Amino acid sequence: MKKMVTLILFTFCLWIINSTSPVNALNTSQGAKIFDFHCAGCHIHGENIIRRGKSLKKNALKRYKMDSLEAITAIVTNGKNNMSAYKERLTTAEIQQVANYVLEQAEKNWK
């Protein structure tokens with residue numbers, strides 16, 4: 001009985017770890033493809049061709065409090081000012097993949 005309870009707890013813990021880790025769950029290579037198709041026209045290499053200071057570089061994301069998955073997901077979903085909303089064009093999963101890709105690239109300084 002003790003072994004059965006241990007096995008159940010172990011299985012439950014593995015399930016929790018795998019289902020709550022957004023970075024592992026999101027595929028950044030898919031996010032890159034989505035970004036290249038939908039976002040790179042204005043944000044090539046993390047820049048912003050419409051508003052120069054509003055780039056996707058790490059320091060700009062931090063300055064404008066956009067340096068989290070939640071913030072990037074919200075702006076991609078709903079848009080803001082010159083940024084178009086993508087909630088009608090991309091699925092929730094695709095938006096999360098793009099947000100994860102943007103944060104990953106910002107950490108690498110878009111190199």
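I started just after α6 (69–78), where Gly79 takes a positive phi of about 70°. The model is a predicted one, in which local features need pLDDT of at least 70, side-chain atom pairs count only at pLDDT 80 or more, and totals for chains, interfaces and linings use all residues. Residues are numbered from 1 along each chain as its sequence is written, and side-chain values use heavy atoms, with hydrogens and water left out.

I then checked Asn81, in the loop between α6 and α7. Asn81 has a positive phi of about 50° although it is not a glycine. Asn81 is exposed, at a relative accessible area of 65%; exposed means over 50%, buried under 20% and partly exposed in between, with a 1.4 Å probe and protein chains only.

Asn109 sits in the segment after α7. Asn109, not a glycine either, has a positive phi of about 60°, and counts as partly exposed because its relative accessibility is 39%.

**The whole chain**

I noted 7 helices and 0 strands. Helices are DSSP runs of H or I of at least four residues, strands are runs of E of at least two, and both are numbered from the N terminus. Of the 111 residues, 32% count as buried. Within α6, I listed Leu69, Ala71, Ile72, Thr73, Val76 and Thr77 as buried.

**The largest pocket**

I read off a volume of about 610 Å³ for the largest pocket. Of the 26 residues lining the pocket, His43, Asn48, Lys54, Ile75 and Met83 are the closest to its centre. A pocket here is an open set of points on a 1 Å grid over the protein atoms alone, where a 1.4 Å probe fits, with protein on both sides within 12 Å along at least five of seven lines; lining residues have an atom within 4 Å of a point. The volume is the space filled by probe spheres set on the points, which are joined across faces, edges and corners.

Which helix gives the largest share of the lining? I found that α6 does, with 3 residues.

**A nonpolar patch**

Last, I looked at Ile44, Ile49 and Ile50, which make a nonpolar surface patch of about 290 Å². Patch residues have over 30% relative accessible area and no salt bridge, and nonpolar side chains (Val, Leu, Ile, Met, Phe, Trp, Tyr) are joined within 5 Å. A salt bridge is a side-chain nitrogen of Lys or Arg within 4 Å of a carboxyl oxygen of Asp or Glu. Ile44 lies in the loop between α4 (40–43) and α5 (58–63) and is partly exposed, at 44% relative accessibility.

Note on methods. Patch = residues over 30% accessible without salt bridge, like charges linked within 9 Å, V, L, I, M, F, W, Y side chains within 5 Å. Areas by Shrake-Rupley, 256 points an atom, 1.4 Å probe, with all protein chains shown as cover.
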